[in-house]
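Open the model in your viewer and keep the sequence panel in view.

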Amino acid sequence: MILASEECDAANEIMCVPSSVNELFELPFLGFINRTIILTILVAVVVGVLLYLGLRKRSLTPSKFELIIEGLVGFVRDQIAIGIVGKEHGLKYLPYLLSLFMFLLVGNLFAILPFLNFPVASRIGIPMFLAAITWVLFVTAGFKQQGFGYVRGLVWPAGVPVAIKPLVGVIELVSVFLVRPFSLAVRLFANLVAGHVMLTLLLVSGWVFISGQGGLAKIPIGFGWFTLGIGIYVFEILVAVLQAYIFTLLSAVYIQTSLEPEH
C-alpha cells in the first residue's frame, strides 16, 4: 500500500485507489492461485513445523522454544479442551482445538510481519470455513450425545415457563443453527479487517505527508500519524492473540453446550 501510494497525486486526489481492488490479492503469474491461498498454505506449514520442532523430543531441560510450544499446547489442553469441554470429552476435541488456535494465532500474526502484512482470516472465506467446521462438530456432538432430544431440548427448553417456551424455543433454534456460526465468522473477520485498515490508513497517510507529497506544512502531521500507526501496530499483536483465543474458546463452549445442555 505504501509503495502504491507513490503513484498517487496526494495533493489533488481526495482518494487514491487501485483500478481494481483484486490487484491487492491476485498473483497473475500463478493463475488461479492467489495471495490468500499461498499464505493459508504457508500458515499450515509454519504451524506443522512449530509443533514438530517443539514436541518432537521430551528432554529434562527443554529449550526456551520448546517451553513456549509446550506452554501453548498445555494452555489449549488444560484451559480450553479440558477446562471448557470437560474431562470426559475434552481430550477427544483437543486436536481440533489446538489446530484451530495455532492456525489462527500464526495467521493473525502475519498481519504484523514485514513484507506479508496480511492476516489470512481477513478474507471472509477463511473464518466462514472454520466456523462451518465448528458448526458441524457441535451439531454432530449434540445429535450423537442426545439423539433427537438435542433438537427437542432447544425447541422446548427445560426450566422455562410454559407461556414463553415457544418463543424461547424459536430463539434458541435460530441462535444455535444460524446465529452461532455466522457471529463466530463475522467477529473474527471484522476485528482483523478493522485493525488492519486502521493500521494501513495511519501508516500510509503518515508516509505520504512525511514524504512531502501533501506539502511541507503537513510533514509534522505525517510524523504524528506515523507514530500513532506504530502504536496501533503494537496493539495489533494483542488483537491477533486475543482473536485466536476467543474463536477457539467459543468453539469449545458451543461443543460443550451440545454435549451437556443443562449448562
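Which helix holds the place of V49? Select V49 and you are in helix α2. Bear in mind throughout that this is a predicted model.

**Stop 1: the surface patch**

V49 has a relative accessible area of 42%, so it counts as partly exposed, the class between 20% and 50%. Now extend the selection to I37, I41, V45, V49, Y52, L53 and F65 and show their surface: these residues form a nonpolar patch with about 610 Å² of accessible area together. The most residues in the patch come from α2, which gives 6.

**Stop 2: the core**

Next, go inside. The largest nonpolar core contains 45 residues, and L97, L104 and F247 have the most contacts inside it. Colour the helices that each supply at least two of its residues: α2 (35-55), α3 (64-85), α4 (90-109), α5 (125-146), α6 (149-155), α7 (165-210) and α8 (219-259). Of the contributors, α4 gives the most, with 12 residues. In soluble globular proteins, nonpolar side chains tend to be buried together.

**Stop 3: F247**

Select F247 and display what surrounds it. Apart from neighbours within four places in sequence, F247 is in contact with L100, L104, P127, L130, A131, T134, L184 and L188.

**Stop 4: T134**

Is T134 buried or exposed? Its relative accessibility is 0%, which is under the 20% cut-off, and therefore T134 counts as buried. Draw a distance between the side chains of T134 and Y96: they make a polar contact at 2.6 Å. Leaving out residues up to four places away in sequence, T134 touches Y96, L100, L184, F247 and S251.

**Stop 5: I237**

Finish at I237, in helix α8. I237 is partly exposed, because its relative accessible area of 37% falls between 20% and 50%. Which residues does I237 touch, not counting those up to four places away in sequence? Select L109 and I112 to see them. I112 and I237 are 125 residues apart in sequence, yet their C-alpha atoms are 7.3 Å apart in space.

Technical notes:
Residues numbered from 1 in each chain as written. Predicted model: local features only at pLDDT ≥ 70, side-chain atom pairs only at ≥ 80, totals over all residues. Heavy atoms only, no water. Core = buried A, V, L, I, M, F, W, Y, C linked by side-chain atoms within 4.5 Å. Buried < 20%, exposed > 50% of the residue type's maximum accessible area, 1.4 Å probe, protein only. Helix = DSSP H or I, 4+ residues; strand = E, 2+ residues; numbered from the N terminus. Contact = heavy atoms within 4.5 Å. Polar contact = N/O pair within 3.5 Å; in protein donor to acceptor, adjacent residues only side chain to side chain. Patch = residues over 30% accessible without salt bridge, like charges linked within 9 Å, V, L, I, M, F, W, Y side chains within 5 Å. Areas by Shrake-Rupley, 256 points an atom, 1.4 Å probe, with all protein chains shown as cover. Salt bridge = Lys/Arg side-chain N within 4 Å of Asp/Glu carboxyl O.
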